[in-house]
Amino acid sequence: MKNSRILLLGSSGQLGITLLSDLKKDFDVHSLSRPQLNLSKKDELIKIIEQSEPEILINACAFTDVDEAEKQPEKAFKVNSELPFLLAEISKNTGCLLVH
C-alpha cells in the first residue's frame with residue numbers, strides 16, 4: 001500500500017492541505033484543488049479520475065461555510081451530496097477505493 005496511487009480532491013481546503021502534507025511523504029499523490037476542478041461538469045470529472053488511475057480516491061471537497069450554504073443551497077447540495085454519490089459511482093466503476 002505504501003506506493004499506492006492516490007488522487008486527492010479538494011487539496012486546497014483545510015482538510016486537503018493536511019492530508020496532502022502527510023500523504024505525499026509515503027504515497028504517490030496527485031492532488032486537485034477547487035480551481036482545477038469544475039464539479040458541475042460530470043463528464044470532465046469522470047475523465048480526470050479515470051486518467052489518473054488512482055488506487056485510492058480521497059474526497060476532501062466540502063461546502064462548510066454555513067452562511068454561504070444558506071445563500072447558495074444548490075451549490076452546497078451539489079458539493080456535499082451529489083458529488084460524494086458521483087464519486088462512489090466512479091470508484092465502483094474504476095475499482096478504486098473511495099475515502100470520503
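A residue is called buried here when its relative accessible area is under 20%, and by that criterion 35% of the 100 residues of the chain in this predicted model count as buried. The accessible surface of the chain comes to about 6600 Å², and carbon and sulfur atoms account for 51% of that area.

Turning to the fold, the chain contains four helices and four strands, which follow one another from the N terminus in the order β-α-β-α-β-α-α-β.

As for overall dimensions, the C-alpha trace spans about 40 × 30 × 20 Å along its principal axes. The radius of gyration of the chain is 13 Å, which agrees with the value near 13 Å that a compact globule of 100 residues would have.

The charged side chains number 12 positive and 15 negative, and the centres of these two sets lie 3 Å apart.

The cysteines deserve a separate look. A disulfide is a covalent bond between the sulfur atoms of two cysteines, and the structure holds zero of them. Cys61 takes part in no disulfide, since the nearest cysteine sulfur, that of Cys96, is 14 Å away, whereas a disulfide requires the two sulfur atoms to be within 2.5 Å.

Note on methods
Residues are numbered from 1 along each chain as its sequence is written. This is a predicted model: local features need pLDDT of at least 70, side-chain atom pairs count only at pLDDT 80 or more; totals for chains, interfaces and linings use all residues. Side-chain values use heavy atoms; hydrogens and water are left out. Helices (H or I, at least four residues) and strands (E, at least two) are DSSP runs, numbered from the N terminus. The radius of gyration is taken over C-alpha atoms; the globule rule is 2.2 Å times the number of residues to the power 0.38. Buried means under 20% relative accessible area, exposed over 50%, partly exposed in between (1.4 Å probe, protein chains only). Accessible areas come from the Shrake-Rupley method with a 1.4 Å probe; for residues, only the protein chains shown count as cover. Lys and Arg count as positive and Asp and Glu as negative; His and the chain ends are not counted. The place of a charge is taken as NZ of Lys, CZ of Arg, CG of Asp or CD of Glu.
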